[in-house]
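I opened this notebook to keep track of what I looked up in one structure. The entries follow the order in which I went through the topics.

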Amino acid sequence: MNAPSSPVLRSLVTGTPPHSALQSEVQAAARTLFPRMSERRQMLDVFANAQIERRALSRPLEWYLEPRGFAEKNAVFLEEARTLIVRLSREALRQAELSPADVDAVVVVNTSGLSTPSLDAFLIGALGINPHAARLPIWGLGCAGGASGLARAADLVRAGYRRVLYVAVELCSLTLVRGDESKSNFVGTALFADGGAALVVTAPEVPGPPPLLSLHGAFSTLIEDSEDIMGWDVVDDGLKVRFSRDIPTLVHSMMRENVAQALAAQGWTREDVQTFVVHPGGVKVVAAYEQALGLPDGALDSSRAVLREYGNMSSATVLFVLAEVLRQRPQGRGLLSAMGPGFSAEHVLLDFAPQA
């Protein structure tokens with residue numbers, strides 16, 4: 001039985017842009033894009049080690065082989081992100097049995113492109129959402145944004161906005177910097193992909209379909225002096241990724257205690273949680289989560305499946321994992337977790353609704 005004050009998830013829809021490429025095709029393209037790095041066998045092995053089979057892209061793969069400036073990439077971001085979030089939002093509202101006019105607040109998360117006015121303003125106009133709806137655009141949280149955006153959507157419901165539309169959209173392929181032979185850019189080419197998700201979070205008393213889960217609080221951690229671990233450097237050709245090889249080590253060293261703190265903040269313990277919904281930043285990051293939390297084999301198979309089938313879509317990825325977990329009809333309590341620039345960790349406590 002859900003507590004009366006607990007916001008609930010009514011719908012979750014995921015999707016991608018129309019183009020895609022096999023990992024083997026992206027690896028072949030990398031030989032053209034990064035000839036010097038490609039001469040090093042251990043660098044080309046990054047593509048196989050990523051354990052990604054296919055990824056969605058905003059443009060056909062050959063488009064990325066030509067020089068593209070920041071302005072051109074961002075124009076593509078605006079075009080494709082707008083198309084994707086309208087499609088996903090309409091379906092999420094339909095599944096939640098709501099009309100656009102019912103929406104009290106809109107949250108939009110992204111980090112891979114720029115839009116002013118922000119994407120929530122476009123979405124309100126495109127769907128016919130109440131123009132007085134509260135707007136919360138969130139930019140710059142990277143992979144952690146999917147978890148943080150879900151937490152903020154729940155906070156808005158607790159604050160009295162009874163029907164919240166939450167969207168995360170990332171077109172990470174557009175951050176490829178052609179000719180930049182840094183290791184971070186090369187690894188990003190092996191990992192990054194495009195996709196989005198739309199969710200409807202409501203107060204439990206709002207009429208609609210049975211809730212998929214209820215939301216029981218969140219927990220954020222910002223690590224001091226860690227801004228060099230992950231982020232963007234803005235260069236003439238766009239957003240250049242910054243990665244540290246220490247991310248898996250950091251996850252392994254901090255996550256056990258950090259998860260315990262997140263659960264304790266709501267009076268939960270590690271033993272209360274049966275399901276973990278983890279952003280798959282990479283196979284080493286997933287393995288580090290498993291080791292830090294002492295999870296049994298198979299506990300994070302949904303994270304691995306999403307990484308394999310979609311790649312790393314930054315903030316949207318953990319919502320794809322949540323969709324995959326929901327298809328397995330979980331019971332009991334869960335924890336949704338992601339890490340991102342800052343360097344930061346975000347956790348959302350979940351209680352999966354009983355299934356009929």
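**Ground rules.** I am working with a predicted model, in which local features need pLDDT of at least 70 and side-chain atom pairs count only at pLDDT 80 or more, while totals for chains, interfaces and linings use all residues. I number residues from 1 along each chain as its sequence is written, and side-chain values use heavy atoms, with hydrogens and water left out.

**The annotated site.** I began with the UniProt record, an unreviewed entry, which lists Cys 143 under "active site"; its positions are given in the numbering used here, feature names are shortened, and annotations may be inferred rather than shown by experiment. I found Cys 143 in the loop between β5 (134-139) and α6 (145-158), where helices (H or I, at least four residues) and strands (E, at least two) are DSSP runs numbered from the N terminus. Is Cys 143 buried or exposed? Cys 143 has a relative accessible area of 8% and therefore counts as buried, the classes being buried under 20%, exposed over 50% and partly exposed in between, with a 1.4 Å probe and protein chains only. Setting aside residues up to four places away in sequence, I listed what Cys 143 touches, including His 279, Asn 312, Ser 314 and Pro 341; contact here means heavy atoms within 4.5 Å.

The same record, again as an unreviewed entry, has the annotation "domain: Chalcone/stilbene synthase N-terminal" for residues 75-203. I noted that this span is 41% helix and 23% strand, and that its end C-alpha atoms lie 37 Å apart.

**Ser 314.** Ser 314 is buried because its relative accessible area is 6%. Its side chain reaches the backbone nitrogen of Cys 143 at 3.4 Å, which I read against the rule for a polar contact: a pair of N or O atoms within 3.5 Å, where within protein one must be able to donate a hydrogen and the other to accept it, and residues adjacent in sequence count only if both atoms are side-chain atoms. Beyond its neighbours within four places in sequence, Ser 314 is in contact with Gly 142, Cys 143, Glu 170, Cys 172 and His 279.

**Backbone angles.** Most residues other than glycine have a negative phi, and most peptide bonds are trans.

**His 347.** I next looked at strand β13 (residues 344-352), which holds His 347. With 0% relative accessibility, His 347 counts as buried, and its side chain makes a polar contact of 2.7 Å with the side chain of Ser 337.

**Helix α9.** Which residues of α9 are buried? In this helix (residues 283-293) they are Val 285, Val 286, Ala 288, Tyr 289, Glu 290, Ala 292 and Leu 293. Their cover includes α8 (247-264), β11 (273-278), α10 (301-310) and β12 (332-340).

**Cavities.** I counted 2 cavities of 30 Å³ or more. On a 1 Å grid over the protein atoms alone, a cavity is a set of points where a 1.4 Å probe fits but cannot get out, and lining residues have an atom within 4 Å of a point; points are joined across faces, edges and corners, and a volume is the space filled by probe spheres set on them.

The largest cavity holds about 190 Å³ of space. Its lining has 16 residues, with Arg 55, Ser 173, Leu 176, Thr 189 and Phe 192 nearest its centre.

The second largest cavity has a volume of about 50 Å³. Among the residues lining it are Phe 70, Lys 73, Ser 112 and Leu 239, and α4 gives the most to this lining, with 4 residues.

Note on methods:
1 Å grid on protein atoms, 1.4 Å probe; cavity = no way out; pocket = protein on both sides within 12 Å on 5 of 7 lines; lining within 4 Å.
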